Amino acid sequence: MINVLVIEDELPVALDLKEMAEQVWKDIKVVGIVKSYREGMQWFAGNPMPDMILSDIELRDGLSFDLFREIPKLPPVIFCTAFNKYALQAFEANGIDYLLKPIEKERLVKSFEKLRQLRGFPDRGESDYQARFGAMLSQLESGKARSAIMVYRKDKIIPIKVADIAFIHTENTITYICTDTQRYATGRTLDSLVAELPPESFFRANRQFIVSRRVVLHIAQSEGRKLQVNLILTTPVPVLISKEKGTAFLKWMRAEP
């Protein structure tokens, strides 16, 4: 039996996709339907990894790519989307299949057969799928600036403009996105967030901080040849950069934004 997870924010579409998938391949079982990034994080935390994912791209609280970055050993994904031409070319170039909405049963069958041909599928340990998927994500998002990052507050989804972010830091295993006036908790990691921020404007200072160029006030020498970065805003703890990263940071500061 091949266990499949459906990620789709429109429930009628998700139910149709579930029925179609279970009809066209008799050994498929849809084990769950996820409608958002938040639901996805909860689902993966409490369930075994599926053998395959059928996924929309634009969810109610962000993109499915945001969710996939958080999932280790991601299984094959068939995208069911109305995404733009550039995205479709990226999927095709890296061996990732896609379906244009409305989904046609014949096209779904061909997508399943394509995944059958992946070496070792559904044995993820023998497949080169992870490398293919990582390459697809890089190609898809190259040159595409993220204008906002979504966070939750009291059951509300709040878009934070990237231009408004002053710094991001972790404290007691919680990540906070800080603007000039507000602080928002998020379940994201610094690694996943820095990958979405323009590198000319944001620098990963250390394991606790990502800083925006616009809020850097001055830089001072600290103990052990470290640099202390002082911002126009107060930070919970000093922002220190190791001597190994110091040269890269100074080069980043001198570069044109």
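**View 1. Five strands form an open, parallel sheet in the order S2-S1-S3-S6-S7.** Strands here are DSSP runs of E of at least two residues, helices are runs of H or I of at least four, and both are numbered from the N terminus; two strands pair if DSSP finds at least two bridges between them. The edge strands are S2 and S7 (98–100), each pairing on one side only. From one strand to the next, the twist averages 20°; angles run from 0 to 180 degrees between N-to-C directions, with axes fitted to C-alpha atoms and, for helices, over the stretch in contact. This is a predicted model, in which local features need pLDDT of at least 70 and side-chain atom pairs count only at pLDDT 80 or more, while totals for chains, interfaces and linings use all residues. Residues are numbered from 1 along each chain as its sequence is written, and side-chain values use heavy atoms, with hydrogens and water left out.

**View 2. Here we zoom in on S3 and S6, which pair in the parallel sense over 3 bridges.** Look for Ser 55, which stands opposite Phe 79 in S6. Helix H1 packs on the sheet, touching S1, S2, S3 and S6 (contact means heavy atoms within 4.5 Å), and the direction of H1 makes about 170° with that of S2. Helix H5 lies across S1, S2, S3, S6 and S7, running at about 175° to S7.

**View 3. Helix H1 covers residues 11–24.** At 1.5 Å a residue, its 14 residues should span 20 Å, and the end C-alpha atoms are 20 Å apart, which agrees; the expected span is 1.5 Å times one less than the number of residues. The buried residues of H1 are Ala 14, Leu 17, Met 20, Ala 21 and Val 24, where buried means under 20% relative accessible area, exposed over 50% and partly exposed in between (1.4 Å probe, protein chains only). Seen down the axis of H1, these buried residues fall within an arc of 130°, so they line one face of the helix; the arc is that of the directions from the helix axis to the C-beta atoms. Their packing partners include strand S1 (2–7) and helix H5 (105–116).

**View 4. Strands S15, S16 and S17 form an open antiparallel sheet in the order S15-S16-S17.** S15 (216–221) and S17 (239–241) stand at the edges with a single partner strand each, so one side of each is left without a neighbour in the sheet. S15 is joined to S16 (residues 227–231) by 5 bridges, and His 218 stands opposite Asn 230 in S16.
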